[in-house]
4 protein chains.
Amino acid sequence: MLNLDFHASGRHFLQIPGPSPVPDRILRAMSLPTIDHRGPEFGALGRELLSKVRQVFKTEGPVVIYPASGTGAWEAALTNTLSPGDQVLMYETGHFATLWQKMARRLGLEPEFLSLPGDEGWRLGVQAEMIEARLKEDREHAIKAVCVVHNETSTGVTSDIAAVRRAIDAAGHPALLMVDTISGLASADYRHDEWGVDVTISGSQKGLMLPPGISFNAVSDKALSASRQAKLPKSFWAWDEIVEANKTGYWPYTPNTNLLYGLNEALDMLLGEGLDHVFARHQRWAAGVRTAVEAWGLEIQCRDPKVYSPVLTGVIMPEGVDADEVRRLIYERFDLSLGMGLGKAKGRMFRIGHLGDCNDLTLIATLGGCEAGMKLTGVPLKGSGVLAALEYFANHPLDTDR
Amino acid sequence: MLNLDFHASGRHFLQIPGPSPVPDRILRAMSLPTIDHRGPEFGALGRELLSKVRQVFKTEGPVVIYPASGTGAWEAALTNTLSPGDQVLMYETGHFATLWQKMARRLGLEPEFLSLPGDEGWRLGVQAEMIEARLKEDREHAIKAVCVVHNETSTGVTSDIAAVRRAIDAAGHPALLMVDTISGLASADYRHDEWGVDVTISGSQKGLMLPPGISFNAVSDKALSASRQAKLPKSFWAWDEIVEANKTGYWPYTPNTNLLYGLNEALDMLLGEGLDHVFARHQRWAAGVRTAVEAWGLEIQCRDPKVYSPVLTGVIMPEGVDADEVRRLIYERFDLSLGMGLGKAKGRMFRIGHLGDCNDLTLIATLGGCEAGMKLTGVPLKGSGVLAALEYFANHPLDTDR
Amino acid sequence: MLNLDFHASGRHFLQIPGPSPVPDRILRAMSLPTIDHRGPEFGALGRELLSKVRQVFKTEGPVVIYPASGTGAWEAALTNTLSPGDQVLMYETGHFATLWQKMARRLGLEPEFLSLPGDEGWRLGVQAEMIEARLKEDREHAIKAVCVVHNETSTGVTSDIAAVRRAIDAAGHPALLMVDTISGLASADYRHDEWGVDVTISGSQKGLMLPPGISFNAVSDKALSASRQAKLPKSFWAWDEIVEANKTGYWPYTPNTNLLYGLNEALDMLLGEGLDHVFARHQRWAAGVRTAVEAWGLEIQCRDPKVYSPVLTGVIMPEGVDADEVRRLIYERFDLSLGMGLGKAKGRMFRIGHLGDCNDLTLIATLGGCEAGMKLTGVPLKGSGVLAALEYFANHPLDTDR
Amino acid sequence: MLNLDFHASGRHFLQIPGPSPVPDRILRAMSLPTIDHRGPEFGALGRELLSKVRQVFKTEGPVVIYPASGTGAWEAALTNTLSPGDQVLMYETGHFATLWQKMARRLGLEPEFLSLPGDEGWRLGVQAEMIEARLKEDREHAIKAVCVVHNETSTGVTSDIAAVRRAIDAAGHPALLMVDTISGLASADYRHDEWGVDVTISGSQKGLMLPPGISFNAVSDKALSASRQAKLPKSFWAWDEIVEANKTGYWPYTPNTNLLYGLNEALDMLLGEGLDHVFARHQRWAAGVRTAVEAWGLEIQCRDPKVYSPVLTGVIMPEGVDADEVRRLIYERFDLSLGMGLGKAKGRMFRIGHLGDCNDLTLIATLGGCEAGMKLTGVPLKGSGVLAALEYFANHPLDTDR
C-alpha cells in the first residue's frame with residue numbers, strides 16, 4: 001500500500017511554489033465517491049462550479065475547465081486561436097515564459113521572444129514599452145498574439161498586466177493578449193475582463209490549493225471569434241464543444257470528477273473568505289519572507305519592489321554556493337521542500353512558496369529550516385531571518401483579520 | 001460545502017460502464033497530502049508506478065501516463081505518430097469508435113471508416129477480414145495506421161485484437177496498429193506486446209477503478225520510430241520528453257500527483273489479486289447479467305457470444321419504449337445510475353456496467369432496480385432476471401474464489 | 001497497514017442491526033484533525049452538538065454524552081440513580097434486556113425480571129399491565145426503577161413506551177422509568193419528554209449512523225434529583241460534573257473529539273431530512289423486508305404486528321436448520337453480514353438490519369443474498385422474497401419522497 | 001456541515017500535551033467502513049491488535065482495551081482490584097494525580113495522598129523513599145495499592161517507576177502498584193513487566209497519536225488475582241469477561257471499531273519505527289524545547305533534570321503575568337494551541353507538547369509562536385528561544401536518523 005511517511009514523524013513542509021499544500025477540507029471533498037458525469041447531480045455541480053470559477057477570474061465570459069494539468073492549458077490557448085506559422089510576441093520573464101515559447105515553436109508557430117540582456121529579464125517584470133514599440137513596428141499586423149506570464153513561478157516576479165494591455169492599445173494593434181497566471185490566480189490580484197485579457201491560462205495546484213490535474217482557459221469574445229478561424233489542429237482542447245456543453249453544466253468528454261469536487265470546495269473557501277482578504281494574506285506573507293531574506297543579507301531574485309510576487313520569493317545564494325546542495329540538506333534534515341532554481345537560475349537560487357494551506361507559523365518553520373540549513377552548509381548570513389520575520393508578523397497583523 | 005447526498009439515505013449504485021465505483025482504499029490513498037513532484041519520494045513513486053503499470057498492459061515497452069482524461073490519450077496516439085493528411089483505417093464498432101474517427105478528421109487526418117450496413121457493426125466485433133481486404137488493396141501503403149476499439153463501451157462488444165494483428169500481417173502491411181482499450185484494460189484480457197499493438201490507449205476510470213483524470217499510451221518501438229517522423233503539431237502529448245523524464249521516475253511537467261497515489265493503490269490491488277482472477281470475476285459477472293437479460297426476454301446489444309463484453313452489457317428495449325425514460329425512473333426511484341444509449345443507440349438501450357468496486361450482490365441490486373423500473377414503465381418482461389442471475393451466481397462460484 | 005479488503009472486490013454489505021453502515025459524509029467528518037478540547041472552537045462545537053442532540057431525543061433536559069460505548073450508558077443510568085441493594089423492575093424482551101438485568105445484579109442491585117413463559121417474551125413487546133400489576137403490589141415503593149428496552153435488537157420488537165408510562169402512573173408509583181433505545185433512537189419514533197421517561201439510554205452505532213464509541217443518557221429532573229441521593233459509587237459516569245461542564249460546551253474529562261465530529265454531521269443529516277421522514281423510511285423498509293419473509297414462508301420473530309421493529313427483522317429458521325451455518329455461507333459467498341441469533345435464539349434465527357446508510361436496493365441485495373444462501377443450505381422456501389420485496393418497494397413509494 | 005476551518009488559512013498547530021496531532025495515515029485508517037464486530041475479519045484484527053499492543057506496554061500479560069477515554073481506565077484499575085473502604089497510597093505529582101485521588105475518594109476508597117510541601121511535589125518526580133517509609137509503617141498491610149503517575153501531564157515530570165517498585169519491595173509490602181502512563185506510553189520509555197507494575201493505565205490520544213476514545217489497563221497476574229476478590233461494583237470495566245472474550249479476538253460488548261483501525265495503524269507505525277527510536281526522538285525534541293526556555297530566561301516547571309518529561313515542557317511565567325492571556329493571544333494571532341496551567345498552576349504556566357505527529361520545524365513554529373506571543377504581551381525575555389532551539393536541532397541530529 002501507498003506509504004508517504006518517508007520520515008519517522010511529522011508532517012512534511014511543502015513550501016515549493018506549487019503544488020501548494022492542500023487544505024484538509026479539499027482532500028476530504030476529493031475523496032467522496034465518483035458520480036455519473038451524465039447524471040442530474042453532475043449537471044447541478046457543473047453549473048455551480050462554472051459560475052463560481054468565473055468570479056475568481058473576474059470575468060463574465062466562459063471559463064473552460066480542462067481535465068488536464070496546466071501545461072495543457074498553454075497548448076489550448078495557442079491551438080484554439082492560432083494557425084500554423086502565425087507570429088506571436090512573447091516576453092522572457094523566466095523559465096516558464098521560456099517553456100511556453102518553446103511550446104509555441106514546437107506547435108509550428110513563430111514566436112518572437114522579447115528579452116532583456118543577460119538575466120535582467122528574469123529579475124524584472126514585463127517591460128510593456130518594449131511590447132508597445134514592437135507592435136508599433138508591426139504595421140501589417142503579422143503578430144497575432146502577445147503572450148506574457150503574470151506571476152513568473154521561476155523568479156517570483158508578478159508583472160503588471162494592465163500595463164501590457166495599455167501598451168497594445170497604445171500601439172493600436174489587434175493582437176490577442178494571452179496571459180499565464182497559473183501560479184498567480186487566487187493568490188495575486190487578477191482581473192480578466194477589466195484588464196482586457198483575451199485568454200487567461202491557469203491551473204489548479206497553486207492559489208486554488210488543489211492537487212494538479214485541472215487547468216483553465218478564460219476566454220474573451222475576441223478570442224472566441226479568433227478560434228473560429230484558427231487552423232492549428234485541435235480536438236481535446238477545442239473550446240467550441242466544451243463551451244456548448246457547459247451551458248447545461250456538462251462536458252463533451254469525461255471530466256475529472258473528484259478534482260472538480262475539490263475545486264468546488266476550494267471556490268467555497270476562497271469566495272467565502274473574500275478574494276481581497278486572500279490577496280492581502282499573501283502580500284503580508286511575502287513581506288514577512290522578504291524581511292527575512294534582507295535580515296540574512298541575501299539578495300531577492302526580483303529586483304523591482306513594484307512587482308514582488310505575493311506567491312513566492314526567490315532567494316539568491318552567494319557566489320560559490322550550490323543552492324541545490326543547500327536545498328537537499330534542508331530537505332533531509334528538516335523535512336522541508338523548497339523550490340529549485342530553474343533554467344538559467346539552476347543551482348543559484350532557491351524559491352520559497354508562500355501560498356496554499358499556510359499561515360504565519362508555517363512560514364516561521366520554513367524560514368527556520370532555511371536558516372539552519374544555510375548555516376549547516378556554510379552560507380554566510382548577516383543576521384537571523386526567522387527573528388526578523390517573526391517580528392514582522394507580530395507587528396503587522398492583517399487588518400481584516402478574522 | 002460539497003454535498004453529494006442528493007438522496008435521503010444510502011449509497012448510490014453507480015452501474016454505468018465507467019467511471020466505475022472507486023474502492024475506499026483508492027479514495028483514501030488519493031486524499032493523502034500532495035508532495036513535491038520534483039522531490040526524491042516522487043521519483044521513487046514514479047519508478048514503482050511505471051514498472052507496475054507495464055504489467056497491466058502486458059508490455060515491456062514504455063507506458064506514457066498523461067495527467068489528462070482518456071479523450072486526450074486518443075489525441076496523443078494520433079498526433080505522436082501521424083502527419084497532416086495521413087490516411088488511417090478505422091472501424092465502426094460503435095459510438096466511441098465514431099468519436100475517435102471524428103477526432104482524426106478534426107486533427108487533419110484522412111480517416112476511412114469501415115462499417116457494416118445499418119447498425120450491424122454496432123452489434124458485432126471488428127471484422128478482421130474487412131481490414132485485411134482493405135489493406136491488401138492499399139499497395140502503396142498510403143494507410144499509416146489501423147485504429148480499432150477493443151472494448152466498445154457504447155455496445156458491450158469486446159473485439160478480437162489478435163485477429164486484427166493477424167489480418168495486418170496477412171496483408172503484409174506496415175500500418176501501425178492502434179487500439180483503444182479505455183474500458184477494457186484491467187477488466188478484460190489484454191496483451192500489448194503479444195498482440196503486436198503499436199499504441200494502446202487507456203484511461204483510469206474503468207477497470208483501474210480510479211476517478212477519471214489519468215490516461216495512457218503504451219507504445220511499441222515501431223510507434224516510437226514513427227513518432228520521430230510524424231508532423232502533426234504536438235507538445236503536451238509528445239512522447240519523447242515524457243519517456244526521457246520517466247527514466248528517473250519524473251515527468252517533464254506537473255503530473256497529477258493525487259491521482260497517481262490512487263493509481264499506485266489500484267495497481268497493488270489488481271496485481272495482488274492477480275490479473276487472471278480479475279478477468280474471471282468480470283466474465284462471471286457478465287454471464288450472470290446476460291442470464292438476467294435472457295430471463296427478461298430482452299435482447300442483448302452484442303449479437304456474437306464470442307465477443308460479449310465482460311465489462312458491460314447493453315440491453316435493448318422493445319420497440320416503442322424510450323430507454324431514457326426507463327433509466328430516469330430507475331434513477332429517481334432506486335438511486336441507480338445506468339449507462340444511456342449513445343449515438344445511433346440513443347433511446348433504444350441502456351447499459352449495465354459490471355466493473356469497478358462491485359460484487360454479486362451489487363449486481364443483484366442493480367438487476368433488481370432494472371427489473372422494478374422496467375415493470376413500472378410498462379416494459380413487458382418474460383420472467384424475472386433478478387432470480388435468474390441470483391441462481392446463476394449461486395450455482396457458479398468463482399473457481400479461484402478466495 | 002490496515003487492509004479491510006478481505007474480499008477480492010466490492011463493498012461489504014453490513015446488514016446487521018448495528019453497527020450500521022456509516023455514510024461517507026460522516027466517515028469524512030470523523031477524519032478531520034483532532035482539536036484542543038479546551039479551546040474556543042471546541043466549546044462552540046459542544047454547545048451546538050448538545051442543542052441538536054436534544055432534538056433527536058425530543059427533550060428539553062440535559063443529554064449526557066459519554067466517550068464510551070452503549071453498555072457504559074446502561075451502567076451510567078443505574079449508578080447515577082440507584083443505591084446498593086435497590087430493587088429495580090426489569091422486563092425480559094430479549095437478549096439485551098437480559099444483559100442489562102445481569103449488569104444490574106453485578107452492580108449490586110436487586111433486579112426483578114418480569115418474563116412471559118418460554119420464549120413468549122422474546123416475541124412480543126413489553127406487557128405494560130404486568131408492570132402495572134407488579135407496581136400496585138409494591139405498596140412500600142421498594143422498587144426504585146422500572147427498566148425496559150424500547151427496540152430490542154435481539155428480536156426486532158419495538159415496545160410501546162407510552163403504555164409503560166401509563167402503567168406506572170396508573171399504579172401511582174414513584175419509580176423512575178429508564179428506557180434503553182440504543183437501537184431505536186433516530187430510526188424509530190421516540191419521545192423522552194412526552195413519554196415521561198426519566199433516563200433514556202442510547203448509543204451512536206445504530207440510527208445515528210456513527211461507528212460505536214459514543215453513548216447517551218437523556219435525563220429528567222426527577223432522575224437528576226435521584227442522582228443526588230444515589231449511593232452506588234460512580235465517577236466516570238457521574239452526571240453532575242458533566243452537566244455542569246456542558247453548560248459552556250465542554251466536558252470534565254477528554255471527550256472523543258473525532259466521533260463528536262461524526263455526531264455533528266449525523267445530526268445535521270437527520271435533522272436536515274426531518275425525523276418524521278427518517279421514521280417513515282425505516283417503517284417502509286421494514287414492511288418490505290417482512291413481505292419478503294412472508295413470501296419465503298418463514299416466521300418473523302416478532303409475533304405482534306403492532307410492535308414490529310422498523311430497525312431490524314428477525315427471521316426464524318425451520319426446525320433442524322442451523323441459522324449460523326446459513327449466515328456463514330451467506331457471508332462467505334455473498335459478502336453480506338447478518339445478525340446472529342443471540343442468547344435463547346442462538347442458532348435459531350438470523351436478523352436483518354434495515355438501518356443506517358441504506359436504500360431500497362441495498363435491501364434487495366441483502367434479501368437476494370439471504371434467499372440464495374438459504375437455497376444453497378437447503379432451507380425450504382415457499383416463494384421468492386426478493387421479488388416480493390421488489391414489488392413492495394416498487395408499489396409503495398415513500399409519500400414524502402424527495 | 002462541520003467546518004473546522006476557523007482560521008482563514010493554514011493548519012492549526014496543536015501543541016498541547018494531548019490530544020496530540022494525529023498523523024494522516026491514522027485519520028485515513030479510521031475513516032474506513034465499520035465492520036461487523038462479531039465477524040471473522042474483526043476477530044483477526046482483534047488478535048493482531050492485542051498482540052501488538054502488548055509490545056508497546058512491554059508486557060506478556062493481558063492488555064484490556066476499553067471503548068472509553070482515559071479517565072475511565074483510571075476507574076477500571078480501581079474498581080477491578082479494590083473493595084469499598086480500601087486504603088490506597090497515592091502520590092501528588094500534579095493535577096492528574098490529584099484528580100485520580102479525588103476519583104478514588106468518590107468511588108468509596110480511602111486514598112492517602114503523599115505530598116511535598118507547597119508546590120514542591122509538582123516540580124519533582126515521585127519521592128520513592130516517602131512511599132517506602134509509609135509502607136514500612138503499614139505493618140498490617142491495610143494499604144492495598146500504591147498509585148503513581150508516570151508522566152504527569154500537568155507539569156512535565158516523568159517519575160522513576162522502577163524506583164517506586166524498589167521502594168515497595170524494600171518495604172516488603174504486598175500492595176499492588178498501579179501506574180498512570182496515559183501521556184507517557186509510546187513517547188517515554190515504559191516497561192510494565194520489568195518494572196513489576198500490576199496495573200498500567202493508558203489512553204489513545206497522546207503517544208499513540210490517536211484521537212481520544214480508547215483506553216487501556218495492562219494487568220499483572222497479581223492484579224488479576226486481586227480482581228477476583230475485589231468488591232467495588234463493576235460491570236462495564238470488569239476485566240474478567242473482556243480478557244476471556246479477547247482470547248479469540250473479540251469483546252463482550254461493542255468495541256469502538258473505527259478507533260481500533262486507527263490503533264492498528266498507530267501500532268504499525270510505532271513498532272515499524274522501533275520504540276527506541278521513538279523514545280530518542282522525544283528526548284531530543286524535549287532537549288531542544290528546554291534549550292529555548294533557558295534562552296528566554298524562563299523557568300521550567302520540572303526542577304529535577306533527571307525527570308524532565310520527553311513529552312511536554314511546562315514554562316513558568318514571571319510573577320504578574322497571566323499565562324492564560326499569553327496563551328489566548330498566541331492562539332488568536334498564531335493559530336497555535338498550548339496547554340494551560342491546571343489546578344495549582346492555573347494562570348502561572350503554559351505547557352508545550354512535543355509529541356504526536358511532530359518534527360523539528362513543527363517545534364520551531366511552536367517556539368516562534370510562543371516567543372512572538374510573549375513579546376506582544378510584554379513578557380520580558382532574555383534572548384531568543386527559537387534561535388537557541390534551531391541551533392540545538394541543527395547541531396544534534398538524531399543518531400539513528402533515517
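**Figure 1. A:Lys206 in its loop.** In this predicted model, A:Lys206 sits in the loop of chain A between β9 (199–203) and β10 (215–219). Helices (H or I, at least four residues) and strands (E, at least two) are DSSP runs, numbered from the N terminus. The unreviewed UniProt entry annotates A:Lys206 as "modified residue: N6-(pyridoxal phosphate)lysine". UniProt positions follow the numbering used here, feature names are shortened, and annotations may be inferred rather than shown by experiment. A:Lys206 counts as buried because it has 30 C-beta neighbours inside 10 Å. A residue is buried with 20 or more other C-beta atoms within 10 Å of its own, exposed with 12 or fewer, and partly exposed in between, the C-beta atoms being placed from the backbone. Leaving out residues up to four places away in sequence, A:Lys206 touches A:Gly18, A:Ser20, A:Ile182, A:Ser183, A:Ser187, A:Val311 and A:Leu355. Two residues are in contact if their C-beta atoms, placed from the backbone, lie within 7 Å.

Residues are numbered from 1 along each chain as its sequence is written, while chains are lettered from A and ligands numbered from 1 in the order in which they are written. Since the model is predicted, local features need pLDDT of at least 70 and side-chain atom pairs count only at pLDDT 80 or more, whereas totals for chains, interfaces and linings use all residues.

**Figure 2. The annotated domain of chain A.** The unreviewed UniProt entry gives "domain: Aminotransferase class V" for residues 36–291 of chain A. Over residues 36–291, the chain is 44% helix and 16% strand, and the end C-alpha atoms lie 50 Å apart.

**Figure 3. Two helices of chain D.** Helix α2 (residues 40–57) and helix α9 (residues 257–273) of chain D have axes that come within 10 Å and cross at roughly 45°. Axes are lines fitted to C-alpha atoms, for helices over the stretch in contact, and angles run from 0 to 180 degrees between N-to-C directions. α2(D) and α9(D) are therefore oblique to each other. Angles under 35 degrees count as roughly parallel, over 145 as roughly antiparallel, 65 to 115 as roughly perpendicular and the rest as oblique. Residues of α2(D) in the contact include D:Leu45, D:Leu49 and D:Val53, and those of α9(D) include D:Leu260, D:Leu263 and D:Leu267. By class, the residues of this contact of α2(D) with α9(D) are 9 nonpolar, 2 polar and 2 charged. Ala, Val, Leu, Ile, Met, Phe, Trp, Tyr, Cys and Pro count as nonpolar, Asp, Glu, Lys and Arg as charged, and the others, Gly among them, as polar.

Figure 4. Most residues other than glycine have a negative phi, and most peptide bonds are trans. The peptide bond joining B:Gly18 and B:Pro19 is cis, with omega about -5°. B:Pro19 is in the loop between β1 (13–15) and α1 (24–30) of chain B. B:Met209, not a glycine, has a positive phi of about 65°. B:Met209 counts as buried, with 29 C-beta neighbours inside 10 Å. D:Lys58 also has a positive phi, near 50°, and lies in the loop between α2 and β2 (63–66) of chain D. With 18 C-beta neighbours inside 10 Å, D:Lys58 counts as partly exposed.

**Figure 5. Where chain A meets chain B.** The contact takes 57 residues from chain A and 57 residues from chain B. On the side of chain A that touches chain B, α9(A) gives the most, with 7 residues. That side of chain A has 30 nonpolar, 19 polar and 8 charged residues.
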